[in-house]
Every structure is written in C-alpha cells, then in structure tokens.
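Student: I would like to learn to read a few features of a protein model. Can you take me through them one at a time?

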Amino acid sequence: MNLVIVESPAKAKTIKKYLGPDFDVIASYGHVRDLVPKEGAVDPERGFEMKYQIIERNEKHVQAIAKKLKDADALYLATDPDREGEAISWHLYELLNARKQIGKRPVYRVVFNEITKRAVQEAVAHPRELSYDLVNAQQARRALDYLVGFNLSPLLWKKVRRGLSAGRVQSPALRLICERESEIEAFVRREYWSVEADCAKEAKTFVAKLVEYRGDKVEQFTVTDAARAEAVRAELERAAAGQLRVEQVERKQRKRNPAPPFITSTLQQEAARKLGFTAQRTMRVAQQLYEGVDVGSGAVGLITYMRTDSVNLAQEALDEIRAYVAERYGADHLPDQPRLYKTKSKNAQEAHETIRPTSILREPGEVKPFLSAEQVKLYELIWKRTLACQMAQALINQVSVGLSAGSGNLFRATGSTVAEPGFMRVYLEGRDDASGADDDEDTMLPPMQEGECVELAAIRSEQHFTEPPPRYSQASLVKALEEYGIGRPSTYASIISTLQEREYAILDKKRFVPSDVGRVVNKFLTEHFHTYVDYDFTARLEDELDAVSRGEEDWVPLLEQFW
C-alpha cells in the first residue's frame, strides 16, 4: 500500500477515485508547522535559523498520517504545485522524519496542474524529489514577513495604538489606498460644458458633438461657464439655420482580439466586475472547482490550478477547444492557427498553465445541476473566457461623419456596428471605471453622403464637472497590486482581507476607504520606515524571492541584505 498526502479532504476524495486500491489518500488540512509565535523565531545571528512548531489544531491530522504510514510501502507528497504546496510537503516530511516515522520508506513528490485521471496517474508515474529552491523561497518569504511584523508592530503599539500590526506586503497596499484618498481630497472640481446637435435623416435621429468652433479644435475646457455656453449655442444655431452639411464620411473596419485566458489576478478582477465576488470568495470557489465536484459520475476536478500567472494552454486543451469551436460555431469562427499568449511573469518555474476548464466539453449547462449557484457562475466565467480566447477576432465597422454649421464649425457623429462577432458571441471582458471608449458600439448612423444636408432639430449645451480619481474597487486594487509588483497571485486575496480584518480599510459602496487608524499607520510607516512601504523596494524583493524559487539566488544572503 502507498500513502498519498494532499491538503484537503475534498482533494483526497477525488484523487482516491483515480488511484485505485493500492493507494490510500489522506489530508494534512493545510500547513502542519509554523514559526513559534514569539521573539527569536527567526535568528539573524545564526544564519536566520527558523524555529518551527506544530500547528496545534493539526496535531491530530499529523497523528492520523503517522498511523497510516506504519502500513505503507512508500510516501507520496501530493500537495499543491506552488511554493506553499512545496513547503507543506517539506514541513510534513521534516516532522515525520524528526519523529523517526518515515524510516527507510521511499518518499516521492508528485505535482499535477489539474485533478483529472490522466494528470494524477501521470504525476504518480513520474514523481520527483522535493524542490528545496521552492521551499527556501517560501521560508525566506515567511522570515521576511516575521522580521517586519515582529520589529515594526510593537513600535506601532507604542506610538499609535495597542494591537496594531505592520505587514511587509499589506503596508504598501494600504499606502496605495491612502494615497488615492489624499488625491481625492486634494482634487478641485472644474466646470466645463459640451455642445451637441440633435440631427435627423429619414426619420432616424442621431447625436453629433461639437469638435471645432471658429476654426479651432474644441478641448475639454474650451467652454467653462453657462453664459459662454449659451453664446456658442445661439451662434451655432444661427449659422446652421436648421440644417447641418455633411463634410466628410469616414468608414473603417476595426479588428478586436479576445482577452487572454485567466490568470489568478485577471480571474479575481473579472469575478469582482461581473459577479460581485471579493478576491477571497473567488479563490474559495475556484479551490472547490479545482479539488473536485461530484458531477454524477463521481468527483472530478473541473478547472486547473487557480494560483498561476501563466497564460499558457496545454496542447491537448488547445486541440480540444479548437475542435469544439469548429463543431459548435463553424470553421469560420476559428483562427487559422491556435492563439498563443505570452506570459508576462518571469517566474516560469511556478507558471504551469493558465486557469481553464479541465475539459471544454463539460459545458456549464451540463454541470449546473451538480454545482452551487456561486460555483456555476465562476465555472461559466472560466469556461467562456477559455473558449473565447481561441476564437476568431471580431470585426467592427466604424463610421465617423463630420457635419458643418457655417464656416469653421464642425460637429462629429460616430457609430459602429459589429460586422462579424467572432469571439464576442461567447465572451467580452469587463472594464474598471470605464471611460466610455466603446459606448458607441452598436449605434447605427443613417447612410449619409458628402455634400448633402441633414435636418437639425436642436443644439444643446450641457454642464459637466471633472471627477476625482475613483477609489479602488476589489478589481482595480488587484490590478494595481499586480502592476506595482506587490505580492504574488497566491497572496492578493489575503492582502485585501488582512487590510479589512485589521480595519485599516473599509468597503464603502464596493470601494476601499482608509479608516482613521489606517491613515495614521500609513503616515507613521511612510514617514519613518519609507523603505518598507516603497513600491519599488517591495517589487524588487518579490523578484528576488522568485529568483530564489528558480535556484538563481541563495535565500540567506537575501535575508542578510534585508536585515
């Protein structure tokens, strides 16, 4: 008998089904060891020696593993395929070894990116050894977090309030929220006016916007008060005398490509925009889909591993998706070659594959009866995005018409129609704080020829005010963390929930507002410990941890430099 260790009972249940009677699968229930929660857990004097202890609530699970191990011929460590997963396997191995419970049994590390029969059996057939590069990267991250927390938090207790804490990655994230709030407070509203013409041709009405006045281009602040707006409006109305002349008609076709398949950050952003999920909820539901759901024929993993920054699709997935598109939508919806997307992350070692359904043939409607409401929503989002990424581009016909009112005054009307929807039949990416770039999509203009005149119903002026920058939403905060290099795919959700749990930031109308305490903490850290909340410093440190995980850098010199 062989013993296989995974993190969760759900995962254990799915894998047991694929491995048969020669394997017993048991869960560790996450991490089994952590640093001792007191001073000296990381000792800079002794080469950053780390003192670990068993996590009390997991002692019983370790006992259960040890008991099963007595009758086992070999031990397979099958935790998640990233740093955290590697660390869990290593801690368990160290614990069992220290208790002399492994003996001469062989120990194998197996990793799979999806919990399907093929992937699991293949991983068990081709095991590897524990990766100490990944383990050391995780240990270094844990040590850094400990050193920052244990040295800065007591200072916050003294200077601000007891019970506060400073975190290595959550402090720069808090700084982002506080700086945005300061921008909003410093913002001065400016008034401006737009001038529009209501036009009609052959019973079809449309709107044109003033873009040129007395031969000069109309800018945002060309008209800044009601009196000037009324004077411009009246002058244009007199010049037009009830009609506008068509000066130019421009037609062009725009191509639009599908968004790449999901990585952790883009999944969190889209689930926030489209489903209203928090980053943490998205990860919880994705974990359930990854670990396996009973869809009538027993438990099966529905999506690939959800902590990744790779947009790479496996060849068999590409083949299956292309065959599905051809059959379902026709060959004209298929690009000549598979679409290959480039991964931005340098950390290819952890970048296994994108987040995709384990089989595109498992349609959302088919699995819906077996899933909870939130599982259906997230699965459908992942399924549609994956399908769309391998479909033909959309073709959009755009028309721009210039209409004159007397000499030197020009209005512009724009319209666009979808000529060929391509991938848009399946999926369209959401946007944050949209600037209205595609607002005219699917607005048709009547056919017009240069030199003809169209009827003018009215010229209107409208008052506007400039808007302050928006506060961060769940989606835009994840995007900012990613752009600044703060944290990694596996940590975005916990960074955000930590800020809320500590009450440094609160969600108001789905936007993050720093609390008074959050602002005081940020001010204190920014003024006295600027390095630790510096975006570049935090991003560089993440890059160095990635280099440790790739075996390019040693973790102890990294900690020495930091210390």
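**Reading the model**

Tutor: Start with Thr 538, which lies in helix H17 (residues 535–549). Keep in mind that this is a predicted model.

Student: Is Thr 538 buried or exposed?

Tutor: Thr 538 is buried, because its relative accessible area is 1%, and the cut-off for buried is under 20%.

Student: Which residues does Thr 538 contact, leaving aside its neighbours within four places in sequence?

Tutor: The contacts of Thr 538 beyond those neighbours are Arg 168, Val 169, Pro 172, Gly 485, Ile 486 and Tyr 532.

Student: Now helix packing. What describes two packed helices?

Tutor: Two values: the angle between the axes and the distance between them. Take H8 (residues 264–275) and H12 (residues 373–388): the angle is about 120°, and the axes are 11 Å apart. That makes H8 oblique to H12, because angles of 65 to 115 degrees count as roughly perpendicular and only those over 145 as roughly antiparallel.

Student: What is the handedness of the crossing of H8 and H12?

Tutor: H8 crosses H12 in the right-handed sense. From H8, the contact uses Thr 266, Leu 267, Glu 270, Ala 271, Lys 274 and Leu 275. H12 brings Lys 377, Leu 378, Leu 381, Ile 382 and Arg 385. Sorted by class, the contact has 6 nonpolar, 1 polar and 4 charged residues.

Student: On to strands. How do side chains point along a regular strand?

Tutor: They alternate between the two faces of the sheet. For pairing, look at strand S17 (residues 453–465), which runs antiparallel to strand S9 (residues 191–201).

Student: How many bridges join S9 to S17?

Tutor: There are 10 bridges between S9 and S17. Ala 197 sits opposite Ile 459 of S17. Strand S12 (residues 243–256) also pairs with S17, antiparallel, over 3 bridges. There, Arg 245 faces Cys 453 of S17.

Student: Where is Ala 203 placed?

Tutor: Ala 203 is in the loop between S9 and strand S10 (204–213). Ala 203 is exposed, because its relative accessible area is 85%.

Student: What is the phi of Glu 503?

Tutor: Glu 503 has a positive phi near 60°, and it is not a glycine either. Glu 503 is in the loop between helix H14 (492–501) and strand S18 (505–508). At 54% relative accessibility, Glu 503 is exposed, since the cut-off is over 50%.

Technical notes:
Residues numbered from 1 in each chain as written. Predicted model: local features only at pLDDT ≥ 70, side-chain atom pairs only at ≥ 80, totals over all residues. Heavy atoms only, no water. Axes fitted to C-alpha atoms, helices over the stretch in contact; angles between N-to-C directions. Helix = DSSP H or I, 4+ residues; strand = E, 2+ residues; numbered from the N terminus. Parallel < 35°, antiparallel > 145°, perpendicular 65-115°, else oblique. Left-handed = near helix turned anticlockwise from the far one by under 90°. Contact = heavy atoms within 4.5 Å. Nonpolar A, V, L, I, M, F, W, Y, C, P; charged D, E, K, R; others polar. Buried < 20%, exposed > 50% of the residue type's maximum accessible area, 1.4 Å probe, protein only. Pairing = 2+ DSSP bridges.
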